[in-house]
Amino acid sequence: MANYHYVSHSPIFQHCGNLWHVNAAKSGLYTQQLKSILDQLEAVLSHCSQVLVLRFDIRTPEQTNDNRYILAVIKNLSRFLKQNYQMSVFGYHWAREQEKSKSQHYHVVFILDANKVNHPSRINDFILEMGNTLGVQPWIPKNCYYRFKRNEYDKKQGAIWRISYLAKARGKGYKPAQIKNHGSSRVKAK
């Protein structure tokens with residue numbers, strides 16, 4: 001049985017026969033969560049020749065003992081992608097964190113078919129609009145996306161460094177025991 005609470009402080013992570021530089025500084029990374037993120041990246045890449053990896057955050061208006069806000073964000077954004085981009089295969093991962101603030105926040109990554117999405121500006125606009133509808137505060141970083149083909153190792157490395165942040169150990173666990181710290185799509189590799 002896998003140890004879901006193992007934290008690695010190594011700056012290198014092995015996945016699918018490759019060694020990747022990861023952002024393990026300070027608090028280390030939950031290895032099982034990082035594996036889940038990278039599994040979804042590889043699964044989507046098995047369906048698409050190139051991907052667009054989009055990163056954003058969601059702040060909630062209040063502390064909750066569930067993940068209803070992020071689940072609503074995932075549901076609405078998934079519906080938007082299917083309706084507006086005819087995208088049947090995409091991946092995502094979210095991580096719940098809370099440190100000094102009064103309510104939790106979420107780090108989110110979506111892994112999209114870059115053959116259907118050239119640039120995320122329209123998706124980012126929808127995420128910001130969704131904030132008003134769902135009562136959450138989205139934050140989209142300045143450099144919010146990576147676009148690369150299956151064989152572009154250097155570009156993929158940049159994305160992996162960035163998204164490995166979602167697996168950081170610091171800030172996790174401030175929740176009831178039955179509530180998840182993270183969630184992933186379940187895309188199966190071809």
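Q: Why is Lys 26 called exposed in this predicted model?
A: Lys 26 has a relative accessible area of 77%. Exposed means over 50%. Therefore Lys 26 counts as exposed.

Q: Where is Lys 26, and what is its phi?
A: Lys 26 sits in the loop between β3 (18–21) and β4 (29–30). Its phi is near 70°, a positive value in a residue other than glycine.

Q: What makes Gln 86 buried or exposed?
A: Its relative accessible area is 53%. The cut-off for exposed is over 50%, so Gln 86 is exposed. Gln 86 lies in the loop between α2 and β6. Its phi is positive too, about 50°, although Gln 86 is not a glycine.

Q: Why is the pair Asp 57 and Arg 55 called a salt bridge?
A: Their side chains meet with N to O at 2.5 Å. A salt bridge needs a side-chain nitrogen of Lys or Arg within 4 Å of a carboxyl oxygen of Asp or Glu, so this pair qualifies. Both Asp 57 and Arg 55 are buried. The structure holds seven salt bridges.

Q: What makes Glu 62, Asp 66 and Arg 68 one network?
A: Glu 62 and Arg 68 meet in a salt bridge, N to O at 3.2 Å. Asp 66 also forms a salt bridge with Arg 68, with the closest N and O atoms 2.8 Å apart. Salt bridges that share partners join Glu 62, Asp 66 and Arg 68 into one network.

Q: Why are Glu 62, Asp 66 and Arg 68 called partly exposed?
A: The relative accessible area is 35% for Glu 62. For Arg 68 it is 43%. For Asp 66 it is 25%. Buried means under 20% and exposed over 50%, with partly exposed in between, so each of these residues counts as partly exposed.

Q: Why is Gln 50 called buried?
A: Gln 50 has a relative accessible area of 13%. Buried means under 20%, so Gln 50 is buried. Gln 50 lies in strand β5 (residues 50–59).

Q: How do you know that Gln 50 and Asn 115 make a polar contact?
A: The side chains of Gln 50 and Asn 115 are joined at 2.8 Å. Leaving aside neighbours within four places in sequence, Gln 50 is in contact with residues including Leu 112, Ala 114, Asn 115, Arg 147 and Phe 148.

Q: What makes Ser 49 partly exposed?
A: Its relative accessibility is 37%. That lies between the 20% and 50% limits, so Ser 49 counts as partly exposed. Ser 49 is found in the loop between α1 (31–47) and β5.

Q: Which residues does Ser 49 contact, leaving aside its neighbours within four places in sequence?
A: Ser 49 is in contact with Asn 115, Lys 149 and Arg 150. The side chains of Ser 49 and Asn 115 are joined by a polar contact of 3.2 Å. Ser 49 and Lys 149 are 100 residues apart along the chain, yet their C-alpha atoms are separated by 5.8 Å.

Q: Which residues touch the most other members of the largest nonpolar core?
A: Phe 56, Leu 77, Leu 81, Val 108, Phe 110 and Ile 123 do, out of 29 residues in that core. The elements giving two or more residues to this core are β5, α2 (68–85), β6 (91–97), β7 (105–113) and α3 (121–134). The largest share, eight residues, comes from α2. A second, separate core of 25 residues includes Ile 37, Leu 41, Leu 45 and Val 187. In soluble globular proteins, nonpolar side chains tend to be buried together.

Q: What does Val 108 touch, not counting residues up to four places away in sequence?
A: Its contacts include Leu 54, Phe 56, Ile 58, Ile 70, Ile 74, Trp 94 and Leu 166. Arg 55 and Asp 57 are also among them.

Q: How do you know that the chain agrees with a compact globule?
A: With 190 residues, a compact globule would have a radius of gyration near 16 Å. The chain has 16 Å, so the value agrees. Buried residues make up 52% of the 190 residues.

Note on methods:
Residues are numbered from 1 along each chain as its sequence is written. This is a predicted model: local features need pLDDT of at least 70, side-chain atom pairs count only at pLDDT 80 or more; totals for chains, interfaces and linings use all residues. Side-chain values use heavy atoms; hydrogens and water are left out. Buried means under 20% relative accessible area, exposed over 50%, partly exposed in between (1.4 Å probe, protein chains only). Helices (H or I, at least four residues) and strands (E, at least two) are DSSP runs, numbered from the N terminus. A polar contact is a pair of N or O atoms within 3.5 Å; within protein, one must be able to donate a hydrogen and the other to accept it, and residues adjacent in sequence count only if both atoms are side-chain atoms. Contact means heavy atoms within 4.5 Å. A nonpolar core is a set of buried Ala, Val, Leu, Ile, Met, Phe, Trp, Tyr and Cys residues joined through side-chain atoms within 4.5 Å. The radius of gyration is taken over C-alpha atoms; the globule rule is 2.2 Å times the number of residues to the power 0.38.
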